[in-house]
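Open the model in your viewer and keep the selection panel at hand. We will go from the interface to the cores.

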Amino acid sequence: MKVSEQDRILLKPVEQTTKRFWITAGILFSIWFIGFLAYLKQFYGGLGVTGLSRPTYWGIYITNFVFFIGISHAGTLISAILRISQAEWRRAITRSAEVITVMVLLFGVGNILIDLGRPDRMLNVLKHPHFTSPLLWDVTSITCYLTASTIYLYLPLIPDIARLRDHGTKWKGFYRLLALGWQETPRQKKILERLISIMAIVVIPIAVSVHTVVSYVFSMTIQPMWHSAIFGPYFVVGAIFSGIAALMIAMAIIRKVYHLEEYLKEIHFNYLGILLLVMALLWFYFTFCEYLTVFYGSEPLEMQIFMSKITGPYALYFWTMVACCFVIPFVILANRRTRTVKGTVIASIAVTIGMWLERFTIVVPSLVNPRLPYARGTYYPTLTELAITAGCFAAFILLYMTFTKIFPIVSIWEIEEGRESSLREVHERVKGYLPGMGGKSE
Amino acid sequence: MTRWGMVIDLDKCSACQACVVACQSENNVAPPNQEIHEQGRSIHWIRVLPTFEGTFPHFRMRLFPLPCLHCDNPPCTKVCPVSATYKSEEGIVGQIFARCIGCRYCTTACPYTVREFNWRKPVWPEEMKPIRNRDVSVRPKGVVEKCTLCTHRLQKGREKARVERREMIPEDYIPACVEICPSQAMIFGDLDDPESEVSKLVRSRRAFRLMEDLGTEPKVIYLSEGGGD
Ligand code: SF4
Ligand code: SF4
């Protein structure tokens with residue numbers, strides 16, 4: 001299989017590694033290593049090295065867990081929706097999105113393991129499963145999601161691996177193995193396309209279930225301001241929201257460092273920006289529903305937590321969250337002139353920060369204010385917790401970078417296919433939609 | 001079926017905290033030091049909980065001895081992913097320390113905040129080590145623990161009755177806190193036995209359950225003050 005001269009640039013990151021890459025990788029590796037040392041300290045010393053105490057039993061590890069699982073909705077879900085709806089502009093972005101899902105899920109799961117008091121006993125979940133626990137469904141649905149999205153990442157990768165096998169200079173054996181004998185025969189193509197479309201449909205309900213179950217971890221308890229029926233959809237919306245934001249940040253970086261302006265165009269950022277705007281509005285709607293009903297109900301215990309968020313010790317987090325998740329993205333994205341690459345990236349960064357804070361203000365204030373008035377604590381993450389968190393983020397970026405060095409981050413064959421056949425197809429399709437154009441209507 | 005429960009008469013309780021100490025030594029709960037206490041990490045399976053009502057001058061403070069309430073509909077057991085905490089047939093909410101993975105889901109689900117977590121390896125003064133109770137395991141770091149109504153005493157009581165070839169009598173099984181209480185404010189027994197003292201007291205007009213509206217159905221029942229008996 002040939003890669004046309006035009007698309008050679010997509011193979012470049014795989015073939016050449018710059019000094020800048022090594023420096024960045026070095027820095028990220030150091031951060032990861034510090035995080036790793038911090039984790040060793042926690043493993044041997046116990047969770048006492050964190051800022052947690054009675055009654056605040058969960059802190060930023062659980063926040064990270066929910067956050068990472070949320071980000072994971074970037075990939076598979078968005079790419080699946082775009083594939084199914086035959087959005088042609090998807091071709092350049094699906095791969096980078098799907099990679100986010102697979103990698104970030106590992107860190108979501110990782111944070112749960114970091115949070116366990118006895119990580120050495122984690123297999124007890126398989127040995128003694130207890131089916132009424134939302135945590136067990138969590139394990140189940142996340143495992144499903146990880147499996148499905150890995151397959152979903154791998155399938156469209158096969159033709160590109162075959163291109164690397166025929167074209168590349170390094171690791172021929174490795175690519176031959178992974179390419180599964182791909183020769184791009186019509187039959188192979190047909191099977192692959194079929195499998196991809198099946199997987200695209202399968203992953204959507206799984207993705208929705210994953211974040212719903214994550215929300216159930218909170219809402220199945222009777223803790224004030226957790227016990228809420230809106231949590232399922234609220235979390236799913238938030239997840240897609242933060243997922244799109246993370247995807248756009250990743251795309252902007254890839255575009256810049258690998259000079260892929262020709263592939264990841266302004267229009268991609270513009271479209272995703274509109275999607276992000278829609279999600280920002282939805283997010284606001286859900287947040288508004290949630291808080292307004294609590295306020296009007298004014299149950300004393302809920303009000304205590306409500307007030308701690310609105311004016312109390314968590315007000316700074318809460319209002320920063322509102323600014324980051326709604327005000328900033330809305331102002332930037334609602335305006336065509338600011339919905340540029342730079343603008344959308346700024347909005348995305350704000351959303352990412354805001355969504356982390358959202359998770360934090362859901363987890364912590366409810367625990368700090370339990371029903372009985374005697375156990376009161378404040379919670380500040382310690383350096384150990386911050387180091388571990390930073391380590392997770394660094395490791396995620398490092399893994400992502402490594403991926404771009406092994407596989408093309410933009411799907412080459414899908415771009416080719418777009419050029420060759422879909423122009424004609426789309427033309428036909430649009431004709432088919434319109435009355436009086438003579439297109440075949442089904 | 002036996003359904004173990006406890007009645008705490010707030011009229012009789014003088015908040016002397018003897019129950020706290022008895023529980024501590026009966027169940028091998030490591031004594032907290034100042035630092036651990038200030039971090040909010042001291043472990044107690046039973047505490048005397050102060051509640052405050054109203055503002056000065058119409059102000060009232062009440063004191064509740066608060067163990068795990070062994071809810072009949074316990075929110076904590078439902079959420080445990082590994083059944084490390086469970087409700088036994090006789091209604092005791094037990095804890096399998098050797099299985100708990102330390103996810104602390106149960107601690108966040110318990111509305112009474114009575115579950116404790118071992119943030120670090122418990123520290124024992126050397127001289128206290130030999131006098132630990134051999135019937136109760138010493139918990140490692142990273143697991144959740146809580147009042148078990150001294151279930152080891154239930155086992156012992158059963159064994160004793162069997163060896164002596166007789167039925168169990170109430171004296172065979174009394175938790176440490178109940179046994180020690182100098183003002184006899186705590187009464188323990190079978191809630192399902194209409195003749196037992198606890199079930200008579202539970203039917204009294206003074207009986208109430210903590211946060212009854214939650215539907216957790218605690219089996220530790222309080223008798224409100226002002227009974228006059
Ligand atoms: S008081 Fe808390 S720990 Fe005890 S049974 Fe009820 S919910 Fe569980
Ligand atoms: S901390 Fe232990 S007992 Fe509590 S829910 Fe987790 S595994 Fe179960």
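Select chain A and chain B: 46 residues of chain A are in contact with 46 of chain B, contact meaning heavy atoms within 4.5 Å. This is a predicted model, in which local features need pLDDT of at least 70, side-chain atom pairs count only at pLDDT 80 or more, and totals for chains, interfaces and linings use all residues. Residues are numbered from 1 along each chain as its sequence is written, chains are lettered from A in the order in which they are written, and side-chain values use heavy atoms, without hydrogens and water.

Colour the interface next. The two chains, A and B, bury about 3700 Å² between them, 58% of it on carbon and sulfur atoms (accessible area, 1.4 Å probe, lost on being put together and summed over both parts). Pick A:Arg54, A:Tyr57 and A:Tyr374: in chain A they lose the most area to chain B, together 20% of what that side buries.

Stay on A:Arg54. Its side chain meets that of B:Glu116 in a salt bridge, 3.3 Å from N to O (a side-chain nitrogen of Lys or Arg within 4 Å of a carboxyl oxygen of Asp or Glu). The rule finds two salt bridges across this interface.

Now the cores. Show A:Trp58, A:Ile100, A:Phe218, A:Phe241 and A:Leu276, which have the most contacts inside the largest nonpolar core, of 159 residues (buried Ala, Val, Leu, Ile, Met, Phe, Trp, Tyr and Cys joined through side-chain atoms within 4.5 Å; buried is under 20% relative accessible area, 1.4 Å probe, protein chains only).

Centre on A:Ile100. Beyond neighbours within four places in sequence, its contacts include A:Ile71, A:Leu247 and A:Phe396.

Definitions and conventions. Buried means under 20% relative accessible area, exposed over 50%, partly exposed in between (1.4 Å probe, protein chains only).
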